[in-house]
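Please read them alongside the sequence and the coordinates.

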Amino acid sequence: MIQLFNIGKIYQNGAPALHDINLKIPSGDFVYITGSSGAGKSTLLRLLYCAQKPSRGQILMGGRNTTRLNSRNIALLRRDIGFIFQDFKLLNARTVFENVALPLQVKAASHREISTRVYQVLQYVGLEYKLQRKPLELSGGEQQRVAIARALVVNPRLLMADEPTGNLDHELAVEIMQMFTRINESGTTVIVATHDKEMLQRFPRRTIMLHDGNIISDSAPPPTDSNTESL
Amino acid sequence: MERLRYFIQRTLFSMRQSPLLCSATIGTVAIALMLLAFFTLIVFNVQNLTREWSRDIQVIVYLDQVPSENKLQLWTEEIMQYPDVERVHYVTQQQAFERFHERLGQNADLLEGLLPEILPAALEISLAESARSREGTERLIGLLKSNKDFHDFRYGQEWLDRYDASIFLLRLTGTMAGGFLIFATLFIISNTIKLTIYARRDELEIMGLIGATPMFIKAPFMAEGACQGIIGACLALGGCHLLYYFFLKKGLAALLTTAAAQNIHFLPLAYQGGIIALGLLLGFIGSLLPLRKFVRI
């Protein structure tokens, strides 16, 4: 369960990004955060990921107040979260295998566990035959899948994605969203920040709409067809 | 164990991965430390030279009468008990006369017809190395004066003053130049490593975002800095040895006497170990300082 109480964020230059956000996201939920550019979607995700601290308010994740964690505990918290960045944030000097293995190395997993798990997750995203390639040798869609594999490799309890389909063509975007649906069905909480209206319609879920740093709507998905995609 | 293996692999891999940056850092460390090592080499040899000079610092007590063997034994034991005394040597009248004869060289015939008894017997007292200064000499004379048989002392006051002044100047110059060199070395190395870390700031950021603790991120970089420091220091010692061989050993040998050239030595093992340890430390600290700025979770 993620709870946000009266969250506000003002950047150092004085620009307000979020105002008085109150929110509850139960475990296992699938939530879209949407809104136009500059609405505060990415800021909200960065606060949830502890990449920034709120100017005011409290964030509880699994009963822990993340606004009061020190850097070591933030690092430990992040090991249970998978994050897919808009710009992928892959290490271009390392291979696909090494990029995906990184979160496991951070957790001091054994060599054998790393090999097995990385291969499994690359198979899941369909890139097992490219594990020795470097990210710059891959297409945008493939890089996105490497980023997803890196987020999934630790079996996260929470998966967050910032504009995951923003740089992809339509077919690939559908494929990625199907993958998120499958991950959510396995019990992982998924939060996706997007302004891709077509995906919101095609894969309807709870949608939180932001505008100028305020929540202007928080709508549950339509009750038809039990939230599955309609292809 | 897995973590240690990861750190070692990362350190070696990072050095192989960016050979240009790695070479630039090692080269900077090597040049900076070579200057420092060569400066240390010069200071070390100048210190050796002054130590040689200081052997001439001694207090001579001229004796009014030739002492009996018992008395001489007593005096020697008494003087050897004083602090800072290294050796006591009794010079008989005959020995003094022979030395004087030798010093006169071609004019030695002036002494014809004279007997050795015209010169007094003397005690030559050598000081321990730590007391070879005007202060040490005066302290010893103060103690010797407590014996009423000793009242005529010679210790080359003017020479001692000049020696003290030159040692002070050498130490001051050495400390200032050495301090400046160490500071400049740290500054240069730290900035070079800062540039290499800046070039890899994305890696630092991504590591933090996927849950690495600050220490996990920093450790391979610090190990890399320390390795580069050690390699740079070894190269610096090699370069310094070449400078020593061609400029000091071969070059100065042509200008100085053979004996003086033979007294020029390369840095002893302890100093070489010190330079390598300094390289390790500079590489380590040089990495740590910029990492503190770039690694923010």
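1. What percentage of the 231 residues of chain A count as buried? The share is 41%, where a residue is buried if 20 or more other C-beta atoms lie within 10 Å of its own, exposed if 12 or fewer, and partly exposed in between, with the C-beta atoms placed from the backbone.

2. On provenance, this is a predicted model, in which local features need pLDDT of at least 70 and side-chain atom pairs count only at pLDDT 80 or more, while totals for chains, interfaces and linings use all residues. Residues are numbered from 1 along each chain as its sequence is written, and chains are lettered from A and ligands numbered from 1 in the order in which they are written.

3. Confidence is expressed as pLDDT (the predictor's confidence in each residue, from 0 to 100). Chain A averages 88, and 96% of its residues score at least 70. Over residues 226-231 of chain A, however, pLDDT stays under 50, and for this stretch the model has eight contacts beyond four places in sequence; two residues are in contact if their C-beta atoms, placed from the backbone, lie within 7 Å.

4. Chain A has seven helices and ten strands, these being DSSP runs numbered from the N terminus (helices are H or I with at least four residues, strands are E with at least two). Among the contacts in chain A with a separation of 6 or more, 67% join residues 24 or more positions apart.

5. An open sheet in chain A has four strands in the order 2-1-4-5, with antiparallel pairing, and two strands count as paired if DSSP finds at least two bridges between them. Strand 2 (16-25) and strand 5 (64-65) of chain A are the edge strands, each pairing on one side only. Six bridges join strand 1 to strand 2 of chain A, with Ile2(A) opposite Ile25(A); the hairpin of these two strands has five residues between them, and there Gly14(A) takes a positive phi near 90°. Strand 1 and strand 4 of chain A pair over five bridges, Gln3(A) having Leu60(A) as its bridge partner. Strand 4 (residues 56-61) and strand 5 of chain A pair over two bridges, and here Leu60(A) has Asn65(A) as its bridge partner.

6. Leaving aside neighbours within four places in sequence, Asn6(A) is in contact with Asp20(A), Asn22(A), Arg56(A) and Gly57(A). The C-alpha atoms of Asn6(A) and Ile59(A), which are 53 residues apart along the chain, are separated by 9.0 Å.

7. The contact between the chains takes 19 residues from chain A and 14 residues from chain B. On the side of chain A that touches chain B, the elements giving two or more residues are helix 2 (71-78) and helix 3 (96-106) of chain A, and the largest share, five residues, comes from helix 2 of chain A. By class, this side has eleven nonpolar, four polar and four charged residues, with Ala, Val, Leu, Ile, Met, Phe, Trp, Tyr, Cys and Pro counted as nonpolar, Asp, Glu, Lys and Arg as charged, and the others, Gly among them, as polar.

8. A nonpolar core is taken as a set of buried Ala, Val, Leu, Ile, Met, Phe, Trp, Tyr and Cys residues joined through C-beta atoms within 7 Å. In the largest such core, of 105 residues, those touching the most other members are Val100(A), Ala149(A), Met160(A), Leu33(B), Ala37(B) and Ala236(B). Helix 8 (residues 214-255) of chain B gives the most to this core, with 13 residues. Apart from it lies another core, of 14 residues, including Ile57(B), Val59(B), Leu63(B) and Ile79(B).

9. Chain B also holds an open sheet of four strands, with the order 2-3-1-4 and antiparallel pairing. Strand 2 (85-91) and strand 4 (152-154) of chain B stand at the edges with a single partner strand each, so one side of each is left without a neighbour in the sheet. Strand 1 (residues 58-62) and strand 3 (residues 122-127) of chain B pair over five bridges, and Tyr62(B) stands opposite Ala122(B).
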